[in-house]
Amino acid sequence: MKTLNDFNFENKKALIRVDFNVPLNDKFEVTDATRIVSAKPTITKILEDGGSCILMSHLGRPKGFQDEFSLKHIAAKVEDILGVNVKFVLDCIGADVEAAAASLEPGEILLLENLRFYKEETAGDVGFAEKLSKLGDIYVNDAFGTAHRAHASTTIVAQFFEGKKCFGSLLAQEIDSIKKVMETGEKPVLAILGGAKVSSKITIIENILDKVDHLIIGGGMAFTFVKAQGGKIGNSICEDDKMELALDILKQAKEKNVQIHIPVDTIAADDFSNDANKQVVDINAIPDGWEGVDAGPKSIKLFHDVVLASKTILWNGPLGVFEMESFANGTIELGNSIAESTKNGAFSLVGGGDSVAAVKQFGFENKVSYVSTGGGAMLESLEGKTLPGIAAILE
């Protein structure tokens, strides 16, 4: 696995695929700069070697050239975070761009316009990738968030850099973190899967049963397992067509000696609203007209003990409707347990959109070992898929 440390970038131009797909407000101000901050170590290393950086990214899902999706809006923020002057060019291919790249001096940065202004980017067009390849001497992929897409800039361009391509430090860290959970992690290994639907996590569950010792199933998906075993779940969310599958997962886990932990109690509400009436009930005895919306106190204690006994922890998905303050406690307490276990020496990886949002919202970002920057890419990695953006560097 070639990383930045395998190259000296002195007098070299690094063509870097970053993931600067950041949220903007209506004044085109960056509201969360995490992805830009995450790319800084890679860019800094190249500049300190005496190289220059050509940064390429997409922003949003534009249909052709749309000003609101121009990367010019984030250039000042990128400059501010990197502490280096950033040149911006109003295109990503063509003679003007090639001239701007050619004139870059060591220590300088050039930010290209939104790659997705060209449909050839998402189509994985070889000709478009070849035009991008003319801009740099060494290709660096540091965009984990798009590594699961075989786009021109994430995958196809790598074929023009034989022996001159590598992973950036962010992407290398992501690969290492997932490897720790899936292959090399100290036992006992625990996976915590939450969120609403079993169907969105089936392939992950089936792939990780061979790799974990404990599996906590929380959030809305737990009710499918409870109902499948004969429990009464009131109006709780449930995928009736997945109950057979839930029973099969429990059977597989038993055969593989994996302990599955399902909530034993729940906070039930009489309405899907922050102001609803609520009560603590056993998870298999939820009254009609009520729905489970958060983990109950016994479940929180049960999960706390499992987390504290684990040495490697994967967290993907919340335990309740954490977006509503009344139903956030289970997710917060789980975060506290993982933070405590991490402090005690466990390795903890958090990934997937809702978990990452919860970790940020409740201040756990610096209390876990690693927070993944890629939602879909992270999930596909956990499903055991080889991501095209990663394969292209390894080839």
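**The annotated arginines**

Guide: Leaving out residues up to four places away in sequence, Arg116 touches His58, Gly60, Arg61, Pro62, Glu121, Thr122, Arg149 and His151, where contact means heavy atoms within 4.5 Å. This is a predicted model, in which local features need pLDDT of at least 70 and side-chain atom pairs count only at pLDDT 80 or more, while totals for chains, interfaces and linings use all residues. Residues are numbered from 1 along each chain as its sequence is written, and side-chain values use heavy atoms, with hydrogens and water left out.

Arg116 lies in the loop between β4 (109-111) and α4 (119-123); helices (H or I, at least four residues) and strands (E, at least two) are DSSP runs numbered from the N terminus. Its relative accessible area is 13%, so Arg116 counts as buried, a class that means under 20%, with exposed over 50% and partly exposed in between (1.4 Å probe, protein chains only). The side chains of Arg116 and His58 are joined by a polar contact of 3.5 Å, that is, a pair of N or O atoms within 3.5 Å of which, within protein, one must be able to donate a hydrogen and the other to accept it, residues adjacent in sequence counting only if both atoms are side-chain atoms.

The annotation itself comes from an unreviewed UniProt entry, which places the feature "binding site" at Arg35, Arg116 and Arg149; UniProt positions are in the numbering used here, feature names are shortened, and annotations may be inferred rather than shown by experiment.

Arg35, in helix α1 (residues 34-49), has a relative accessible area of 28% and is therefore partly exposed. Leaving aside neighbours within four places in sequence, Arg35 is in contact with Asp19, Phe20, Asn21, Val22 and Thr373, and the side chain of Arg35 reaches the backbone oxygen of Asn21 at 2.9 Å.

As for the whole, the protein chain has 14 helices and 17 strands. Its radius of gyration, taken over C-alpha atoms, is 23 Å, close to the 21 Å that the globule rule gives for 395 residues, so the chain is as compact as a globular protein of that length; the rule is 2.2 Å times the number of residues to the power 0.38. Buried residues make up 55% of the 395, and of the contacts with a separation of 6 or more, 73% are between residues 24 or more positions apart.
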